[in-house]
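Here is a short note on the structure, in numbered points. Please keep the model open while reading.

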Amino acid sequence: MNNFKRYVTCAAVILLPLLGAKGAEVWVEAESFQSKGGWVVDQQFMDLMGSSYLMAHGLGNPVKDAVTDVNIPEDGKYTVFVRTFNWTSPWSDKKGPGKFRVRIDSKSLPSTLGDTGNSWQWQRAGEMKLKAGSHRLALQDLTGFNGRCDAIYLTTDPQTLLPDNGEELSSMRRKMLGLDRKEPLKASYDMVIIGGGIAGMCAAASAARNGMNVALVNDRPVLGGNNSSEVRVHLGGHIELGPNKGLGRIIREFGHSRSGNAKPADYYEDGKKESFIANEKGVTLYPSYRAVKVETDGNSISSVKITHVENADEVILSAPLFCDCTGDGTIGYLAGADFSMGREGRSQYNESLAPETPDSMTMGASVQWYSRKDDKVTKFPEFNYGPQYNDTTCERMTMGEWKWETGMNRNQITESERVRDYGLLVVFSNWSYLKNHASDNGKFRNRSLDWVAYVSGKRESRRLLGDYILKQDDIEKNVFHEDASFTTSWSIDLHFPDPKNSKNFPGNEYKAATKHIYVHPYAVPYRCLYSRNIENLFMAGRNISVTHVALGTVRVMRTTGMMGEVVGMAASLCKKHDASPREVYQKHLPELTAMMKEGAGKDGSTLPDNQHFNVQKLLDNPPALKD
């Protein structure tokens with residue numbers, strides 16, 4: 001058993017005063033500030049930089065100060081360093097827009113931060129004489145244009161040298177936070193699921209309803225992943241299709257009653273998802289925790305270390321079974337699982353939709369946005385940091401949804417911050433042109449940006465390889481598999497750079513296009529849902545065992561939810577029979593098939609779950625496959 005409540009919450013401020021040869025020093029993690037004000041916690045790039053950070057996401061309007069109390073250990077003159085990043089530097093040599101200052105006890109330090117440098121780095125904020133005791137520390141945003149702060153370091157040694165990145169910075173961070181001296185909490189479960197999107201939610205509930213004690217780890221404070229109010233993508237695909245018509249009914253318990261992308265936050269019903277998980281007695285939710293390390297024993301995972309994205313508390317979760325619902329295949333990658341990324345060549349799986357030769361292109365990540373109509377003319381600051389707009393190249397739009405897609409030609413893992421930042425850059429740049437320069441800007445004069453996502457909606461990165469790899473032939477020829485599980489109904493929907501946008505912004509496109517190739521609903525093999533070389537690892541979501549082409553039809557969220565539902569059932573059979581995920585296929589498939597036909601949804605679950613068109617009509621009149 002573990003000593004955690006179902007919802008684990010932590011709000012302690014991270015700071016550690018030390019006395020030593022260098023004099024007095026204090027380290028403050030920005031994301032741990034007691035009051036975030038208008039700043040937001042961004043954890044998306046922890047794997048790259050070792051920490052989350054605070055960001056002033058104000059859509060061009062300065063946000064309210066982030067404030068916290070710090071304890072100064074001794075009287076002295078303190079030099080203040082801030083780790084920050086001029087986020088527009090990849091596209092412009094100008095001073096960046098993410099400007100902010102540090103204030104101590106209502107007095108601003110002299111240096112403007114965040115507008116210089118071309119990488120994450122320490123910048124000197126200034127000096128101040130401070131007496132021992134408590135002082136108020138604040139981050140003062142100057143622009144509302146996504147200034148960002150990772151950490152603040154105060155020292156009486158002005159000559160100190162601080163590492164900007166890498167293992168040296170990670171070691172210093174752990175030392176200053178005292179993490180190496182603090183034993184992480186430990187907890188054990190029947191299964192640990194990493195990722196609280198639709199797939200992870202369904203996997204957790206399905207496993208719990210079949211008698212398992214489950215940990216669900218989610219690195220955001222809200223559940224739902226791309227379907228949350230932070231990203232705002234509707235649920236795609238269809239549920240309750242043959243041969244296992246029980247699958248998907250569980251989604252009716254939390255699925256939205258209104259569909260649409262880039263809609264107001266209440267469309268995505270975060271509270272319904274929270275209640276769904278809270279009411280599962282066998283599920284312990286770890287909100288705002290990110291998995292950062294995996295321990296293995298031979299070809300099996302023995303434990304996962306998770307860290308809180310605000311206060312750095314660490315917990316080690318052990319279990320006989322794990323499920324990777326991270327989307328990026330992070331747990332599998334850390335465990336050494338076989339994976340693929342990018343597009344396979346046409347000959348590898350005889351896929352006509354694949355490119356002639358393999359490449360690294362993926363579908364991109366979307367930063368969605370919308371504006372509102374005001375009752376008067378409004379202003380928006382000049383914003384011009386790279387892409388040059390004119391009346392021909394600007395996008396005359398009042399909102400942008402999935403087509404605003406970036407990073408198709410970049411690595412969605414190692415360059416993920418740059419991919420997201422370019423999404424922000426083009427939204428602000430285009431809007432600034434429409435407001436300030438477009439010759440026909442009448443329809444925009446009384447409109448203001450109302451919402452711009454800062455959590456990007458990813459579509460593709462790593463795909464973990466299982467005992468079977470789903471490919472184009474399986475879907476187009478409706479190949480029968482004895483271990484048929486969840487049914488995919490979405491078209492083969494493979495995004496590519498929009499040709500017009502590529503012409504206007506060659507090499508820096510930010511719009512996508514697609515060509516829907518409709519398919520007859522097809523049941524995907526269970527063997528796509530567990531790793532072929534990590535013996536106790538399941539996966540559900542966009543990181544399952546498929547080719548790039550096949551991903552185009554399995555990646556939507558009602559479909560990924562059914563993947564999770566199957567995994568939960570299979571995991572319960574692993575526990576019941578002391579079996580591996582592979583052995584469920586080899587020895588207990590009839591039992592799994594019976595469970596899938598029944599489904600994990602509650603009896604009488606007839607709550608509406610908005611779907612895009614009539615499923616029976618689709619089955620009665622299946623569309624012909626098109627090139």
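1. Helix pair. This is a predicted model. Helices α3 and α11 are roughly parallel to each other, because angles under 35 degrees count as such. Their axes cross at roughly 30 degrees and come within 7 Å. Here α3 covers residues 198-209 and α11 covers residues 557-577. The crossing of α3 past α11 is right-handed.

2. Who touches whom. From α3, the contact uses I198, A199, C202, A203, S206 and A207. From α11, it uses M557, T560, G561, G564, E565, G568 and M569. Seven of the contact residues are nonpolar, five are polar and one is charged.

3. Sheet. Three strands form an open sheet in the order β23-β22-β25, with antiparallel pairing. At the edges stand β23 (399-400) and β25 (447-452). Each has a single partner strand, so one side of each is left without a neighbour in the sheet. Strand β22 (residues 369-373) pairs with β23 over two bridges, in the antiparallel sense. Y370 is opposite M399 of β23.

4. Helix on the sheet. Helix α7 (residues 416-436) packs on this sheet and touches β22 and β25. The directions of α7 and β25 make about 175 degrees.

5. Confidence. The protein chain has a mean pLDDT of 93, and 93% of its residues reach 70 or more. Two stretches need care. Residues 1-21 stay under 50, although the model gives them 65 contacts beyond four places in sequence. Residues 623-627 are also below 50, with eleven contacts beyond near neighbours in sequence. Where pLDDT is low, predicted coordinates should not be read in detail.

Definitions and conventions
Residues numbered from 1 in each chain as written. Predicted model: local features only at pLDDT ≥ 70, side-chain atom pairs only at ≥ 80, totals over all residues. Heavy atoms only, no water. Axes fitted to C-alpha atoms, helices over the stretch in contact; angles between N-to-C directions. Helix = DSSP H or I, 4+ residues; strand = E, 2+ residues; numbered from the N terminus. Parallel < 35°, antiparallel > 145°, perpendicular 65-115°, else oblique. Left-handed = near helix turned anticlockwise from the far one by under 90°. Contact = heavy atoms within 4.5 Å. Nonpolar A, V, L, I, M, F, W, Y, C, P; charged D, E, K, R; others polar. pLDDT = per-residue confidence, 0-100. Pairing = 2+ DSSP bridges.
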